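Dear colleague,

I am passing a structure on to you, with the sequence alongside, and would be grateful if you could look through it before reading my notes. The notes follow directly below the view.

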Amino acid sequence: MEVRPFAATCSRECLLGSLVVILSLASISVAQTVPPTAPFGLTATAAACGQVNLSWDAAIDNSGTGLKAYSIWRNDNGMNTVTNIGAARTWFDDTMQVKSSATMSYYVLAMDNAGNQSLPSNTVYVSTPACPPTAAEQIVDSSYYGPLGTRMATYETTSAWLYQKLNNLSQLESWIYVNNSSTGQTSHFLLHSYPGHSQVELDYALTSATDFWALSEDLTKYDNLLVSHYQLNGTPPSSATLLSTEALGDSISQGRSMIRLQSGGLLVGWSEGIFNDASGSQTDLTVGFAYRSPTGVWAIHFPITVPNNNGGGNIVQCRMTMAQHPVDGSVWVFLKRDSFSQISALRFSEVTNDVLLDSITPGYITDTTDGNNGPEGEFPYLTASPDPTRNAILLAYQSYPYQFVFVDPLYGSMSDNIFLKQSLVSVAVIQPDASKSFIPFPNYIERITPFGMSVQSDGTIWLAYQPINAKTYTWNGVYASKYESGAWSAPVLAGFDYNNYNNASGLDRSLVYRAEEPEVAFQTPDQKIHTTDLSNLAPASADTTPPTVTITSPATGATVSGSVTIAASASDDVSVSRVELWLDGALVATDTSAPYSFTWNTATAANGSHTLQTKAYDPAGNIGTSAIVTVTVSNQTLTVAITNPTNGGTVLRNQKVTISATATDSTTITQVQFYVNSSLLGTATTAPYSYPWKVPAKSGMSYKVQAKAYDATGKSAAQTITVTSQ
């Protein structure tokens with residue numbers, strides 16, 4: 001075979017065409033490397049002491065691949081922070097550790113789907129105001145991180161809790177705050193310094209006004225779980241003496257909870273903090289407990305296995321909270337594993353120098369048995385307190401009815417982007433015999449963030465929590481509500497927390513509470529620890545802002561038929577309770593969780609013009625209505641026609657004849673039945689619709705042949721013809 005050069009086998013026109021293709025491909029390749037234009041018109045406004053609102057004009061894609069993302073860069077005294085958001089929106093409300101009384105600069109970059117990055121936008125500078133104090137706040141100290149722990153350590157009128165500061169060498173040091181509410185005396189001082197003490201406190205308790213116990217671990221590795229006993233010195237305390245330490249657990253233990261019992265003893269709980277089974281199969285949870293008697297005797301219960309019987313995987317991260325029952329003194333431990341759909345309960349009895357494990361109930365609370373009072377599936381926060389008024393333990397947690405507030409299109413493909421999910425709260429009222437009832441909380445909060453529950457001696461319940469603002473995609477506000485006389489009060493703003501909220505995970509150690517009094521503490525944007533008496537907060541102004549709601553599909557003027565999905569978007573400054581669909585002025589459907597959508601079978605409506613409208617409700621009862629969308633329903637009438645044989649025609653006797661028919665409708669045809677003289681001959685379920693008929697042998701006979709069609713809505717239509725045999 002002769003091998004010729006390409007030019008020898010291609011005409012002039014062929015060469016020119018090939019050159020055009022090559023040049024076109026080259027230009028496309030070059031175009032895909034051209035970056036977008038820089039975003040322009042960037043503006044920044046300090047919306048609050050801990051929030052900056054940004055907006056800009058869209059960049060222009062030059063690659064032909066479309067814009068993918070905007071990267072928001074912030075410089076705060078030399079510290080750079082970046083957040084990536086999908087390119088569909090050109091605004092961002094920044095609450096990511098935004099300080100009060102600070103000046104920061106911002107600029108924005110654009111990125112296309114080919115990975116090209118634009119030049120930066122203009123740089124803007126913004127100064128945040130100071131946080132306005134309230135009569136309920138008391139500034140404790142400046143802080144770098146905290147407060148630590150879950151609930152304040154209390155003994156009679158004395159309370160204490162920990163936080164962290166940076167020393168001159170930029171090392172973290174643990175400080176303690178002590179408050180005596182009867183005398184009004186407060187103090188704060190260094191508890192221990194780094195690196196001499198490598199532990200970070202997770203929980204703590206007071207066994208007297210001067211005996212302070214801290215549960216801690218070395219967060220750089222899964223070991224060195226430690227209980228430290230300090231004596232607080234002075235009135236008010238101004239120093240602490242370390243009296244003893246007790247090492248607990250093993251090399252993979254993680255401290256979870258510690259409480260003082262009515263006897264003056266301590267109970268400490270921990271869990272094993274790694275994956276039990278790399279295969280991802282359902283696994284049991286290993287936990288441990290240490291009891292210290294009032295006389296100083298330690299008793300260890302480890303390992304204890306808590307079976308998994310209600311879904312989940314191999315994740316053994318867990319929440320734990322403990323409370324002693326006011327009726328019989330039994331000690332209850334509640335566990336919730338990450339991504340499992342159950343709350344487990346362990347019950348102990350206190351005996352001389354020890355506790356006895358009486359029972360383990362793996363699925364004590366589940367969505368299967370308790371419906372909407374089951375736990376939120378991810379990693380809800382748990383808090384428990386004794387309630388002498390109700391003769392019960394109250395256990396509060398984020399519950400099963402959850403909503404996705406916002407998921408950035410970049411989530412899962414780029415770092416530092418936003419995933420926001422919220423849940424309601426359930427308060428389980430637990431009796432000594434393990435029976436339970438529930439007090440539902442009507443407002444949504446962030447799905448796994450710590451919140452505070454205080455139970456007063458008269459049975460009043462306080463919750464301090466952090467809701468998500470669905471309009472701004474932020475959640476740094478701390479609100480409080482109280483439950484009395486069978487109803488929850490309207491939310492009251494208690495202040496703004498200082499932490500990283502525009503991310504995909506909830507946060508720990510952002511709020512600490514006093515279990516028996518309505519007091520909380522959190523770090524505010526001025527980088528100070530504030531303690532707040534919730535009962536002294538100003539009454540909440542009435543929520544008069546209605547939600548906003550829009551029908552996003554179908555568009556007004558659209559022609560629809562068959563089954564149609566109606567989609568709506570809704571948002572509110574607090575939360576959206578439900579969205580309703582109204583057809584021609586009548587309520588036809590309700591959706592209680594985002595994304596809001598409804599299925600409308602237009603075959604149930606007459607052909608012609610119809611109106612659609614949605615209404616959104618918030619917990620205060622405010623109603624927002626969408627613009628009316630007018631659509632035209634155009635549904636075909638169900639028809640069926642016999643195409644063979646012909647009406648009035650003849651058929652050969654003693655021969656097979658194929659009866660054929662066509663059927664049309666706006667929805668699915670489910671079957672076509674064929675009859676001869678009212679007797680069912682057979683059924684066809686797919687087009688083309690046909691069925692064979694053996695014509696009887698007698699000549700000159702008249703037969704009625706019928707085809708009857710049915711659609712998915714149950715409607716039917718039929719045609720009958722007459723034929724004669726010959």
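A charge is taken to sit over a ring if NZ of Lys or CZ of Arg is within 6 Å of the ring centre and within 35 degrees of the ring normal. Please keep in mind throughout that this is a predicted model. By that criterion, Arg89 lies over the face of Trp91, at 4.4 Å from the ring centre, and Lys165 is placed over the face of Trp175, at 4.2 Å from the centre of that ring.

Next comes a sheet. It is an open one, made of four strands that follow the order β9-β10-β11-β12 and pair in antiparallel fashion. Its edges are formed by β9 (153-155) and β12 (185-192), each of which pairs on one side only, and from one strand to the next the twist averages 25°. Strands of a sheet, in general, pair through backbone hydrogen bonds, and they may do so either parallel or antiparallel. Within this sheet, strand β10 (residues 158-166) and strand β11 (residues 172-180) run antiparallel and are joined by nine bridges, and Leu162 stands opposite Ile176 in β11.

Because Trp161 belongs to strand β10 and Tyr177 to strand β11, the pair ties together parts that are 16 residues apart in sequence. Trp161 counts as buried, at 0% relative accessibility, and Tyr177 is buried as well, with a relative accessible area of 2%.

How are the rings of Phe441 and Trp488 arranged towards each other? Their centres are 4.7 Å apart and their planes stand at 80°, which is over the 60 degrees that the class requires, so the pair is edge-to-face. This pair links distant parts of the chain, with Phe441 in strand β28 (residues 436-446) and Trp488 in strand β32 (residues 487-488), 47 residues apart. Both Phe441 and Trp488 are buried.

Terms used: Residues are numbered from 1 along each chain as its sequence is written. This is a predicted model: local features need pLDDT of at least 70, side-chain atom pairs count only at pLDDT 80 or more; totals for chains, interfaces and linings use all residues. Side-chain values use heavy atoms; hydrogens and water are left out. Two strands pair if DSSP finds at least two bridges between them. Helices (H or I, at least four residues) and strands (E, at least two) are DSSP runs, numbered from the N terminus. Axes are lines fitted to C-alpha atoms, for helices over the stretch in contact, and angles run from 0 to 180 degrees between N-to-C directions. Buried means under 20% relative accessible area, exposed over 50%, partly exposed in between (1.4 Å probe, protein chains only). Rings of Phe, Tyr and Trp (its six-membered ring) pair if their centres lie within 6.5 Å; planes under 30 degrees apart count as stacked, over 60 as edge-to-face and the rest as tilted.
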